[in-house]
Amino acid sequence: MKPTIADDPIVHPTEWSAPLDKVPPGGSAKFHILWRERLVEGFVVNVDGRYYAYVNYCIHAGTPLDWWPNEFFSDDQRFLICRTHGSRYEPKTGKCAGGPCAGGALFPLDVEVMAGRIVVRASRDQ
């Protein structure tokens, strides 16, 4: 992973938020967030009205999952898929569900809904 080293948390936010309607069921949104002292691209998905967020980094290929912007779901909407080599991940857990990711998982970000907004923060345990 080659994200930018972030020196100023004011310039590089540790939190991202958006109105709930920005990410409808089956939808996604990308953003940048300070994670492990690096500025990384993250994404949030809406699965049946619940939100899940991850660092946009395939553990197998080391590339972003989406080949085209915000295209994270497989054609049948069952999995998050890395468009580079086909690794599939469970949207609710980030765990590998098939392909060359070989039992690993995406890096999760904390998500909560507050006052009609999706709020994503870097995971406290990461």
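A: In this predicted model, Asn70 counts as partly exposed, because its relative accessibility is 32%, a value that lies between the 20% limit for buried and the 50% limit for exposed residues. Asn70 is found in the loop that runs between strand S5 (50-55) and strand S6 (80-81). Not counting residues up to four places away in sequence, Asn70 touches Ser28, Ala29 and Lys30.

In the largest nonpolar core, which has 16 residues, Trp16, Phe31, Val44, Leu109, Ile118 and Val120 touch the most other members. Two or more residues of this core come from each of S2, strand S3 (28-35), strand S4 (38-47), S5 and S10, and S3 gives the most, with four residues. A second, separate core of 15 residues includes Val45, Tyr52, Cys101 and Leu106.

The strand pairing can be followed from S10. Strand S2 (residues 15-19) runs antiparallel to strand S10 (residues 117-122), and five bridges join them; Arg121 in S10 is the bridge partner of Glu15. Strand S9 (residues 108-114) is also antiparallel to S10, through six bridges, and here Asp110 stands opposite Arg121. The hairpin of S9 and S10 has two residues between the strands, and Ala115 takes a positive phi near 50 degrees there.

Terms used:
Residues numbered from 1 in each chain as written. Predicted model: local features only at pLDDT ≥ 70, side-chain atom pairs only at ≥ 80, totals over all residues. Heavy atoms only, no water. Buried < 20%, exposed > 50% of the residue type's maximum accessible area, 1.4 Å probe, protein only. Contact = heavy atoms within 4.5 Å. Pairing = 2+ DSSP bridges. Core = buried A, V, L, I, M, F, W, Y, C linked by side-chain atoms within 4.5 Å.
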